[in-house]
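Subject: A structure to look through

Hi,

Here is the structure I promised to pass on to you. Have it open while you read, and turn it around as you go.

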Amino acid sequence: MRIQRHRALIAGAATVIAAGAIAASVAFASGSGATGSPGSAATGSSGSAAAHSRVAAAAGSRPAGRAALNWFRAGPAPADWHQVTLPGGGAVLSYPPSLSPMTGDKGTVSEGFTRSGRVLVYLNVTPRQGDETLSGWAHFRVGHLTDDDASSARLDGAAGGLRFRGGPGSCVVDDYVTRVHANHYREIACFVRGAHASSVVVAATPAADWARYGSLLERAVDSYAVR
Amino acid sequence: MTSRRLIAILFGAVIALVTACGGGSSSAPASHPSSSPPHSSSSASTGAAAKQKSSGGIPQNGGGDHDSDNNGGPSDGDGNI
């Protein structure tokens, strides 16, 4: 009787442990797969209440993601817009007269519009600095945001093979929350390859103001030209 | 089924559980770089060091860097840390 009870206990324990092992294997397998899926949460936690992932895992264009950039049509800026050329002559940014120069890194150009110290419209052009590529742009940009100054970032759309004035480009639409002050911005960021130089154009606004300024940002990107 | 056989099964199940947990924890870090840019290995260093590392790039950190994005502003197009 006692021996039979021991056998039953051992058999039960073995069954439970085996089931646990199988469940753990399945859980880890599905978890690692999720890190590679577009738009899914990946590693770590920002602690932010927002539904952002610490590092958005989406790394390339996908059919649904391209919709966020369907507005793109390269073309000249409105006649009354101003133009500023990147030092070195590699790119030309067009912007509306309501914007004014903003402080930025040497060798870049930044134009923007602020109210009460709050940046409402931000345009920036920077020569290629790191490992940016046309094919890996989405992965690079969203990863760079969280490596640099964002506590979280989310890829909202991406497209490659865009024909800018002067060369091909890849773009993302994303939103992120800054480490400092937890400001939530939404941006269009494109890497564009010119005949002589490659550059990045960024057009951003607070996420809450996208409805108001989004079309302006799109127009600035549409008119961006490289050489 | 003998008690010895059942103990062997129990031992095997424990080994399987330990292997599953161990394998999972070691694969998690491996998935991290796949969602980070190629230069993310330098993120362990300070921002200043990482920026100084850039070759032929825009001067950073006292060398001309006036990033608004370091103060809660929008991120610029600088591809360096």
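This is a predicted model: local features need pLDDT of at least 70, side-chain atom pairs count only at pLDDT 80 or more; totals for chains, interfaces and linings use all residues.

In chain A, seven strands form an open sheet in the order E3-E4-E5-E9-E8-E7-E6, with antiparallel pairing. Its edges are E3 (100-101) and E6 of chain A, each of which pairs on one side only.

E6(A) and E7(A) run antiparallel and are joined by 11 bridges; in one of the pairs you can look up, Phe164(A) has Gly167(A) as its bridge partner. These two strands make a hairpin with two residues between them, and there Gly166(A) takes a positive phi near 110 degrees.

E7(A) is also linked to E8 (residues 184-193) of chain A, again antiparallel, by nine bridges. Here Asp174(A) is partnered with Glu187(A). This hairpin has five residues between its strands, and His181(A) in the turn has a positive phi of about 70 degrees. How many of the 12 residues of E7(A) are buried? The count is 11, so this strand (residues 167-178) is mostly covered.

Further along the sheet, E4 (residues 109-115) and E5 (residues 118-127) of chain A run antiparallel with seven bridges between them. Phe113(A) stands opposite Val121(A) in E5(A).

Two helices of chain A pack on this sheet. H3 (residues 137-148) touches E6, E7 and E8, and its direction makes about 155 degrees with that of E6(A). H4 (residues 210-222) touches E5, E8 and E9 (198-206), at about 165 degrees to the direction of E9(A).

In soluble globular proteins, nonpolar side chains tend to be buried together. The largest nonpolar core in this model holds 46 residues, and those touching the most other members are Cys171(A), Val172(A), Cys190(A), Val201(A), Ala203(A) and Tyr224(A). Strand E6 (residues 150-164) of chain A gives the largest share, seven residues.

Finally, chain B. It has two helices and zero strands, and 28% of its 81 residues are buried.

Enjoy exploring!

Key:
Residues are numbered from 1 along each chain as its sequence is written. Chains are lettered from A and ligands numbered from 1 in the order in which they are written. A nonpolar core is a set of buried Ala, Val, Leu, Ile, Met, Phe, Trp, Tyr and Cys residues joined through C-beta atoms within 7 Å. A residue is buried if 20 or more other C-beta atoms lie within 10 Å of its own, exposed if 12 or fewer, and partly exposed in between; C-beta atoms are placed from the backbone. Helices (H or I, at least four residues) and strands (E, at least two) are DSSP runs, numbered from the N terminus. Two strands pair if DSSP finds at least two bridges between them. Two residues are in contact if their C-beta atoms, placed from the backbone, lie within 7 Å. Axes are lines fitted to C-alpha atoms, for helices over the stretch in contact, and angles run from 0 to 180 degrees between N-to-C directions.
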